[in-house]
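Subject: Structure handover

Hello,

Here is the structure for you to look through. My notes on what was found follow below the display.

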Amino acid sequence: EELQRRQVYQEELDDKLVGAWQSLAKEFSSHPYARLGKTLIDGFHTVKPGGRYVEFEAPDLKGNLVNITDVIQGKVAVLDLWASWCHPCRKKAMAMIPVYEEYKDKGFVVVGVAREFKNTKNLELAINKDGYPWLQLLELDDSRQIWTRYMLGNAGGGVFLIDRDGTILAVNPTAEQVRGILKEKLD
């Protein structure tokens, strides 16, 4: 519970909390909370500027399983974790469209991952209305725990700018901040 609380409020870990988790994980290694604790601790250490993106697979809108590394490897990428019901997420994504159009032929890619529950009806409506031109993947009912792995807890979403080598350059940058970094890296 404390690891999840710190995830939601973006609080740092301390040695005492990590030690407590290690003791419990050793005693109850097969318990789901032991695995969840490892996922959260790994996220605290990696999902931040200078850290490395977390690899995952998720289906596209036709049900084909896509490995994120296959899409972003060797490119500067925005990983846009969003939800149809998250209006700030959608606003951020729409602001990214001109940046994408400007840099898509220079080694820049955007991948959206929509967090939806029960069905994809609202997701499909949002994509059509907002006009996202990039690949969209689906996190249905948190089945792949992508939000947990990216330290987003119950948030609607988050944006991660990732360098060619997999290093996270920025977390939740604006479209203009992304454009500035792309100008340095790709122009």
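In strand E6, Val-159 is the bridge partner of Asp-80. The model is predicted, so local features need pLDDT of at least 70 and side-chain atom pairs count only at pLDDT 80 or more, while totals for chains, interfaces and linings use all residues. Residues are numbered from 1 along each chain as its sequence is written, and side-chain values use heavy atoms, with hydrogens and water left out.

E3 and E6 run antiparallel and are joined by 5 bridges; two strands count as paired if DSSP finds at least two bridges between them. Another position to look up is Val-78, which stands opposite Leu-161 in E6.

**The sheet**

In what order do the strands of the open sheet lie? The order is E5-E4-E3-E6-E7, 5 strands with mixed pairing. At the edges are strand E5 (135-140) and strand E7 (168-171), each of which pairs on one side only. On average, neighbouring strands of this sheet are turned by 20° against each other, direction ignored. For that angle, axes are lines fitted to C-alpha atoms (for helices over the stretch in contact), and angles run from 0 to 180 degrees between N-to-C directions. As background, strands of a sheet pair through backbone hydrogen bonds, either parallel or antiparallel.

E3 and E4 run parallel, with 7 bridges between them. Val-78 has Val-110 as its bridge partner in E4. From E3 the chain crosses through helix H5 (residues 87-103) to E4, a β-α-β crossover that is right-handed. Right-handed means that, with the strands pointing away from the viewer, the path from the first strand over the helix to the second runs clockwise.

E4 and E5 also run parallel, joined by 6 bridges. Here Gly-112 stands opposite Gln-136 in E5. The chain gets from E4 to E5 through helix H6 (residues 121-130), and this β-α-β crossover is right-handed.

**What is covered**

Are the residues of E3 buried or exposed? In E3, 7 of its 7 residues are buried, where buried means under 20% relative accessible area, exposed means over 50%, and partly exposed lies in between (1.4 Å probe, protein chains only). In a regular strand the side chains alternate between the two faces of the sheet. On one side of E3 are Val-76, Val-78, Asp-80 and Trp-82, and on the other Ala-77, Leu-79 and Leu-81, all of them buried. In E4, 9 of its 9 residues are buried. One side of E4 holds Phe-108, Val-110, Gly-112, Ala-114 and Glu-116, and the other holds Val-109, Val-111, Val-113 and Arg-115.

**The cores**

A nonpolar core is a set of buried Ala, Val, Leu, Ile, Met, Phe, Trp, Tyr and Cys residues joined through side-chain atoms within 4.5 Å. The largest one has 33 residues, of which Phe-56, Ile-72, Leu-79, Leu-81 and Tyr-150 touch the most other members. Among the elements that each supply at least two residues of this core are helix H2 (15-27), helix H3 (32-46), strand E3 (76-82) and strand E4 (108-116). Apart from this core lies another, of 28 residues, including Ala-93, Tyr-132, Ala-175 and Val-178.

Leaving aside neighbours within four places in sequence, the residues in contact with Phe-56 (heavy atoms within 4.5 Å) include Val-66, Leu-79, Val-113 and Tyr-150.

**The disulfide**

The structure holds 1 disulfide, defined as a pair of cysteine sulfur atoms within 2.5 Å. It joins Cys-86 to Cys-89, with 2.2 Å from S to S. The link of Cys-86 and Cys-89 is right-handed, with 70° about the S-S bond. Cys-86 and Cys-89 are both buried.

**Two residues of helix H8**

Lys-183 is found in helix H8 (residues 175-186). Lys-183 counts as exposed because its relative accessibility is 55%. Its C-alpha atom is separated by 8.9 Å from that of Tyr-103, 80 residues apart along the chain.

Leu-186 lies in helix H8 too. With a relative accessible area of 14%, Leu-186 is buried. Not counting residues up to four places away in sequence, Leu-186 touches Val-76, Tyr-103, Lys-106, Gly-107, Phe-108 and Arg-164.

Regards

Conventions
Helix = DSSP H or I, 4+ residues; strand = E, 2+ residues; numbered from the N terminus.
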